[in-house]
Amino acid sequence: MRLTWPFKSRIDYGRNGEEHHCSTGDACPDFLCVGAQKAGTSWLYHQLTLHPDFWMPPIKELYYFDRLSRVKRSNPPRCKDERDQWFLARLVELSALPCIELGTYSQLFAPKAALLSGDISPSYSTLNDEVIERVVNYFPNLKVIFLARDPVERAWSQLSMEVRLGVISRFDATDVEQVIRNLRNPGVLARSHPSKIVARWKRYVRSDLFRVYFFDDLQQNPAELRRSILRFLGADPDKPSGRLNADYNGQGGREKLRLTAKVRSRIAGFFEQELKACASELGGPARHWPARYGFSLLFFVWDLADYLDLFLWCDWIA
């Protein structure tokens, strides 16, 4: 799915005033967290907001590169000091502009001074290649984080949230056909293929500036996940921040739709190829995702077939 706004041409940077790229030391974001939705981004924002090496924006999700910050927010933004007030006023001005202005967006992060800061917007997982390329070209030192979650669990968590918030109408969660119909919603589907999201961002972000982390590690070892992310971002992992929330489940304790075994199995079948792609391409905890749904043997045979094809081809040319 391509999300487009009236962007200026990404080719004629001189005409667009984008020939001066943001570099180290300028007022600009140090990192983006581009998702995934329902994969621990709120936990990450909480950890960084309370860490002394960071100044984080008073709003977690800026939505700038996909919706120019023109969103209705259910919760009031943090506004505890002059820096927060300045940021919120500039954000209002920025959202009034008709198209993306990377230089003006960059200035939002002036309050950080010598600290680290960034934009945590899970909706950036749906950005198209044109926008990603333009952002990465302008911010050549930008670090990018993606928090990956089992597609079956993530999609179900999103459906639960959207029903709770009234984004989609309540449906019969035991009816397989109704569930699949909601999974095919572009807003759900575009966020439910982490292997494709990661591949799209990796086309433009240098490998040393891109990291994939896993929701599984947030559930099992949040302390080590925190340390790993802080080290990658250039912060001191030994400095204290917020409570680690080892029991964090992506829903903040809120009600979820009841997931029956039958529906779970059908959703797994819907995402079978993506589960296998994640296991192969993302590695880490994703290697175990297919086995949760009985695909481990199939995944092994699938890999073995590829290996035998290669072996026979090598034997033939020898």
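Me: So helices are DSSP runs of H or I with at least four residues, strands are runs of E with at least two, and both are numbered from the N terminus. How many helices and strands does the protein chain have?

Reply: The protein chain has 15 helices and four strands. This is a predicted model: local features need pLDDT of at least 70, side-chain atom pairs count only at pLDDT 80 or more, and totals for chains, interfaces and linings use all residues. Residues are numbered from 1 along each chain as its sequence is written, and side-chain values use heavy atoms, without hydrogens and water.

Me: What share of the protein chain is buried?

Reply: 49% of its 318 residues. Buried means under 20% relative accessible area, exposed over 50%, and partly exposed in between (1.4 Å probe, protein chains only).

Me: Let's look at helix α8. Which of its residues are buried?

Reply: Helix α8 spans residues 176–183, and its buried residues are Val 176, Val 179, Ile 180, Asn 182 and Leu 183. Seen down the axis of α8, they fall within an arc of 160°, so they line one face of the helix. The arc is that of the directions from the helix axis to the C-beta atoms.

Me: What do those buried residues pack against?

Reply: They pack against α7 (151–165), α9 (186–189) and α13 (261–270). A contact here means heavy atoms within 4.5 Å.

Me: And which exposed residues are on the face turned away?

Reply: Glu 177 and Arg 181.

Me: New topic. How many aromatic pairs are there?

Reply: The count is 11. Rings of Phe, Tyr and Trp (its six-membered ring) pair if their centres lie within 6.5 Å; planes under 30 degrees apart count as stacked, over 60 as edge-to-face and the rest as tilted.

Me: Why is the pair of Tyr 64 and Phe 65 edge-to-face?

Reply: Their ring centres are 5.5 Å apart and their planes are at 65°, so the pair is edge-to-face. Tyr 64 also forms a stacked pair with Tyr 105, at 5.2 Å centre to centre and 5° between the planes.

Me: Where do Tyr 64 and Tyr 105 lie?

Reply: Tyr 64 lies in helix α3 (residues 64–67) and Tyr 105 in helix α5 (residues 102–107), so the pair ties together parts that are 41 residues apart in sequence. Tyr 64 is buried at 1% relative accessible area. Tyr 105 is buried too, at 0%.

Me: Which ring does the charged end of Arg 149 sit over?

Reply: The ring of Phe 215, 4.1 Å from its centre. The rule: NZ of Lys or CZ of Arg is within 6 Å of the ring centre and within 35 degrees of the ring normal.
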